[in-house]
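Let's take a walk through this model, going from pockets to helix packing. Have the structure open and follow along.

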Amino acid sequence: MTTTTSATRTVVTPGAPARRPRGVRKAHEGSRAEATTAWLFLAPFLVIFLLFTGVPAVLAIGASLTDMSARDIRDPLNVNFTGFDGFAAIIGNPGFQSAFLNTVLFVVLCVPISMGLGLALALMLNNGIRRLKTFFRAAAYIPVITNIVAAAVIWQYAFSITGPVNSVLGSLGLPEPNWLGDPGWAVTTVVAMGVWRTTGTCMILFLAGLQAVPEEIYEAAATDGAGPWRRLWSITLPLLRPTTLLVTVLQTVSFLNIFEEPYLLTKGGPLGSTKSIALWVYEQFGFGNVSASMAGSVLLLVLVGVVAIVQFRILRPKH
C-alpha cells in the first residue's frame with residue numbers, strides 16, 4: 001500500500017515494522033539523556049536524605065513501637081514489641097502534656113508577633129524608607145544568621161537579675177523582674193528571643209512578595225481615591241496570600257520544633273515552664289528512655305504534618 005502527500009512520499013509495506021521518524025527518535029534520546037543527567041545530579045541528595053533522614057525516621061518509628069532503652073542499643077533486636085502502648089503512656093504523661101501546652105503557647109505567641117513585625121518591616125522597606133534600604137534590611141536579618149549559642153550567652157547576661165536590662169529598668173524606677181528565674185517572665189524571655197531570631201526571615205519573604213506586586217495596581221487604586229489603608233487591606237494583603245501561607249507554615253513548623261531558645265536560656269525551667277516537646281524528647285533520650293523519646297518524636301512529626309495540612313487548607317489561594 002502506498003500513501004502519497006504533497007510534501008512527502010511514504011511507502012508502507014504490509015507486515016514490515018514501522019520506522020520511527022528520525023526527529024522523534026532524536027527527541028526521545030535527548031529526553032532520556034536529560035533524565036539520566038537529572039538523576040545523576042539528584043543522586044547525592046537522595047543518598048544523603050536516605051542515610052540521614054529516611055533510614056533514621058524508619059528506625060525511630062520502629063523503636064517507638066518497642067520498649068527499647070539505652071541498654072538495648074547494643075542489641076536492638078532483643079526488645080519487646082509493645083505496639084501503641086508507648087504512645088498512650090506518653091500522651092498520659094504529665095511532663096509531656098506540659099511540654100505540649102508550652103509548645104502550643106510558643107506557637108500562638110511567636111508566630112503572629114514575628115509575622116506582624118516582619119510584615120511591618122517589609123512595608124517600611126518597600127515604601128516608607130527611601131535611604132539606606134540595604135543597611136536596614138541587613139540589620140533586620142542579622143539575628144537570623146547570628147550564632148544561636150553566642151546570642152543565648154548575650155541574652156542570659158542581658159536578662160540576668162543584675163544585667164543591663166534590669167539596670168535600665170531600675171534607673172527608670174520600674175520593677176526589675178527575674179527574667180530567667182520566674183516562670184511567667186521566663187516564657188516572655190524565650191518568646192522574645194524566638195521573635196528576635198525569626199522576624200528577619202519573615203521580613204525577607206514578605207518583602208519579596210511585595211516587590212512582586214505590580215505598581216500599576218496601586219496607581220489605579222490611588223486614582224480611584226483609595227487611601228493607604230484601603231490599598232493595604234484590599235490590594236496588598238490579598239495579593240500576599242501565597243506569601244502569607246508560606247511564612248505561616250514555615251514559622252509554625254519552626255516553633256513547633258523550638259529547642260534552642262528554651263534549652264540555652266533556661267534548660268526548660270523554671271519548673272518546666274519553658275520545656276518544649278523537642279526538649280522533652282531530648283531529655284528522655286538522655287535519660288535512656290529510647291522508646292519514649294522516639295514515640296515523642298513521631299507524635300511531634302504527626303502534629304507538624306496535621307497543622308501544616310490544616311494551614312494549607314485554610315490559607316491556600318482561592319484562585
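Predicted model: local features only at pLDDT ≥ 70, side-chain atom pairs only at ≥ 80, totals over all residues.

Residues are numbered from 1 along each chain as its sequence is written, and side-chain values use heavy atoms, with hydrogens and water left out.

With those classes in hand, start at the second largest pocket, whose lining divides into 5 nonpolar, 3 polar and 2 charged residues. (A pocket here is found on a 1 Å grid over the protein atoms alone: it is an open set of points where a 1.4 Å probe fits, with protein on both sides within 12 Å along at least five of seven lines, and lining residues have an atom within 4 Å of a point.) This one holds about 260 Å³ of space, where a volume is the space filled by probe spheres set on the points, and grid points are joined across faces, edges and corners. Look for Glu215, Tyr218, Trp229 and Arg231 among its lining residues. Helices H3 (94–128), H8 (215–223) and H9 (228–239) each supply at least two lining residues, and H9 gives the most, with 5. (Helices are DSSP runs of H or I, at least four residues, numbered from the N terminus.)

Now hop over to the largest pocket, at about 320 Å³. Its lining has 9 nonpolar, 2 polar and no charged residues. Pro56, Ala57, Ala60 and Ile61 are among the lining residues, and so are Asn257, Val281 and Met294. The elements that give two or more residues are H1 (22–64) and H13, with H13 giving the most, 5 residues.

H12 (residues 277–286) packs against H13 (residues 290–315) at an angle of about 160°, with the axes 7 Å apart. Axes are lines fitted to C-alpha atoms, for helices over the stretch in contact, and angles run from 0 to 180 degrees between N-to-C directions. Angles over 145 degrees count as roughly antiparallel, so H12 and H13 fall into that class. The crossing is left-handed, meaning that the near helix is turned anticlockwise from the far one by less than a right angle; clockwise would be right-handed. Contact means heavy atoms within 4.5 Å, and by that test Trp280 and Phe285 are among the H12 residues that meet H13. The residues of this contact divide into 9 nonpolar, 4 polar and no charged.

H13 also has H10 (residues 241–256) as a partner: their axes come within 10 Å and cross at roughly 165°. That makes H10 roughly antiparallel to H13 as well, but this crossing is right-handed. Arg241 and Leu245 of H10 are among the residues making the contact, as are Val304 and Phe312 of H13. Its residues divide into 12 nonpolar, 3 polar and 1 charged.

Last stop: H10 packs with H7 (residues 183–211) too, with axes within 10 Å and a crossing at roughly 160°. H7 and H10 are therefore roughly antiparallel, and H7 passes H10 in a right-handed crossing.

Key
Parallel < 35°, antiparallel > 145°, perpendicular 65-115°, else oblique. Nonpolar A, V, L, I, M, F, W, Y, C, P; charged D, E, K, R; others polar.
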